[in-house]
Amino acid sequence: MTEFIMNWLFGVLFAVAVSVTGAAVDLTSPAVFNAIFYITANVEVWHAGARNVTSAKYHWLHHGIDEGLQACGSFHSAQYIRRYSDVEKAHGLHGYRQAIEHYLTTGQHEHRVGYLEGGYGGRWTVSDAHHKLFVSASARMGAAIDSLVWNNHEFINSIDHGRELQMAFNILPYGGCFNPTEAGGRYDGLSTQTNSKIQSVHASGITLSTTVWPAFWFRAVNYIGEKPCPGGMNTENTYRHPFSKKVTLECPGISQSCLHFRSTFTIAGVFPHYTMLQMVAPAGYLTGDFTVWRSYDYSSGHLVAYHTKMPVVLSSPDKHFAMGVFASPKQDTDEDMYYGRFVLSKDKITADTNKWNVVFRKHTLPAGTTHVFNYDTYICVGTLNDVTACLKKLTQAHHADLVG
Ligand SMILES: *[C@@H]1O[C@H](CO)[C@@H](O)[C@H](O)[C@H]1NC(C)=O
């Protein structure tokens with residue numbers, strides 16, 4: 001059968017369910033299903049071979065729905081049932097399909113929310129006051145943010161532990177060979193585990209606070225396809241000092257959707273000799289949709305070609321979805337802070353990634369003492385117009401940090 005006919009058949013036979021009121025319900029609606037989230041958040045879906053949009057939809061409709069899997073960062077049938085006792089009373093704890101239909105036909109119009117406050121099943125979700133922006137962390141990813149949904153659209157790629165929206169640091173000249181990473185290590189791969197050790201997670205209202213001992217990205221062992229790291233370095237899986245973050249889904253004076261991301265790095269323990277400590281506070285690994293790169297020029301108020309010293313903005317080509325990042329350069333850094341951008345793999349939806357980061361740098365610190373660094377970063381989310389307006393407000397509010 002051709003792809004076209006397969007798609008057509010799936011659409012006609014499976015994507016339509018009939019609700020109690022008789023209205024057709026699309027169970028692959030973006031309000032409840034996102035292919036990249038479904039594949040990456042449920043390792044078994046990947047292992048079952050569903051790795052593109054068509055096969056992910058098929059898996060969801062034939063297995064995932066009735067197994068109570070989560071297919072979207074902002075909605076999970078099992079959590080929705082536990083949040084609303086009338087839904088549980090009507091359909092039972094395992095009435096996943098009916099719960100999804102309930103949400104699509106009535107719940108979302110009543111402004112009901114599709115997740116359980118305080119976390120459920122190793123996932124923690126918070127949303128803004130309007131329930132338009134949803135941010136989630138998972139146990140599998142060391143409580144790093146592995147989903148950001150705005151206007152029913154997933155922004156984050158989390159196919160492995162080196163993506164997400166997360167903190168990390170590295171030291172020069174070692175790079176990835178001394179690189180504690182919030183979500184986990186290279187070797188955690190497509191397992192359900194992480195070598196990052198969660199110390200605490202609190203998800204409540206609009207605020208997500210976490211503390212984790214991050215995994216080292218590479219261990220000092222040879223890995224097929226990778227250069228071995230110098231001997232004797234990070235033979236441990238885990239860096240035994242905390243990374244903490246407090247993420248609040250509102251920014252002072254900003255009416256657009258915005259995350260205030262406060263990172264705290266603890267630098268302690270035994271390090272090889274290094275010349276520079278680079279703290280990533282944080283990095284965002286967006287999906288393949290965010291292919292257009294610009295910077296916000298705060299002197300002209302316009303978007304310009306990408307530049308390392310100006311707030312970085314990524315958007316979809318149609319400008320309907322965008323993310324822009326601002327951090328004051330007057331924070332604790334020995335070299336100028338900068339905004340980085342990278343494109344990782346471009347071949348398939350699960351791997352396609354457009355990355356930004358915010359980097360603060362310190363020269364060699366005295367050994368044998370503990371150093372704690374805090375950074376504030378603001379992440380604007382919305383249409384490209386929303387994000388530009390948000391960055392304008394933020395840079396105006398920090399004007400004194402940006403001149404001289
Ligand atoms: C999607 O994945 C399925 C299952 O592996 C495969 O048969 C199909 O050819 C893929 N479709 C596309 C468009 O890559």
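Predicted model: local features only at pLDDT ≥ 70, side-chain atom pairs only at ≥ 80, totals over all residues.
Cys251 counts as buried, because its relative accessibility is 5%, and a residue is called buried when that value is under 20%. A disulfide is a covalent bond between the sulfur atoms of two cysteines. Cys258 is buried as well, with a relative accessible area of 1%. The torsion about the S-S bond of Cys251 and Cys258 is about -85°, and therefore this disulfide is left-handed.

The structure holds 2 disulfides. The other one joins Cys380 to Cys390, where the S to S distance is 2.1 Å. Here the torsion about the S-S bond is about -70°, so the disulfide between Cys380 and Cys390 is left-handed. Cys380 belongs to strand 21 (residues 371–382), whereas Cys390 belongs to helix 8 (residues 384–397); the pair therefore ties together parts that are 10 residues apart in sequence. Both Cys380 and Cys390 are buried. A further cysteine, Cys72, also counts as buried, because its relative accessibility is 2%.

What does Ile267 touch, if residues up to four places away in sequence are not counted? Its contacts are Phe169, Tyr239, Leu277, Met279, Leu365, Thr369, Thr370, His371 and Phe373.

The secondary structure of the protein chain consists of 9 helices and 21 strands. Its radius of gyration is 22 Å, close to the 22 Å that the globule rule gives for 404 residues, so the chain is as compact as a globular protein of that length. Taken along the principal axes, the C-alpha atoms fill a box of roughly 70 × 50 × 45 Å. Of the 404 residues in the protein chain, 55% are buried. Among contacts with a separation of 6 or more, 64% are between residues 24 or more positions apart. Finally, the protein chain exposes about 16900 Å², and carbon and sulfur atoms supply 54% of that area.

Conventions
Residues numbered from 1 in each chain as written. Heavy atoms only, no water. Disulfide = S-S within 2.5 Å. Buried < 20%, exposed > 50% of the residue type's maximum accessible area, 1.4 Å probe, protein only. Helix = DSSP H or I, 4+ residues; strand = E, 2+ residues; numbered from the N terminus. Contact = heavy atoms within 4.5 Å. Rg over C-alpha atoms; globule rule 2.2 N^0.38 Å. Areas by Shrake-Rupley, 256 points an atom, 1.4 Å probe, with all protein chains shown as cover.
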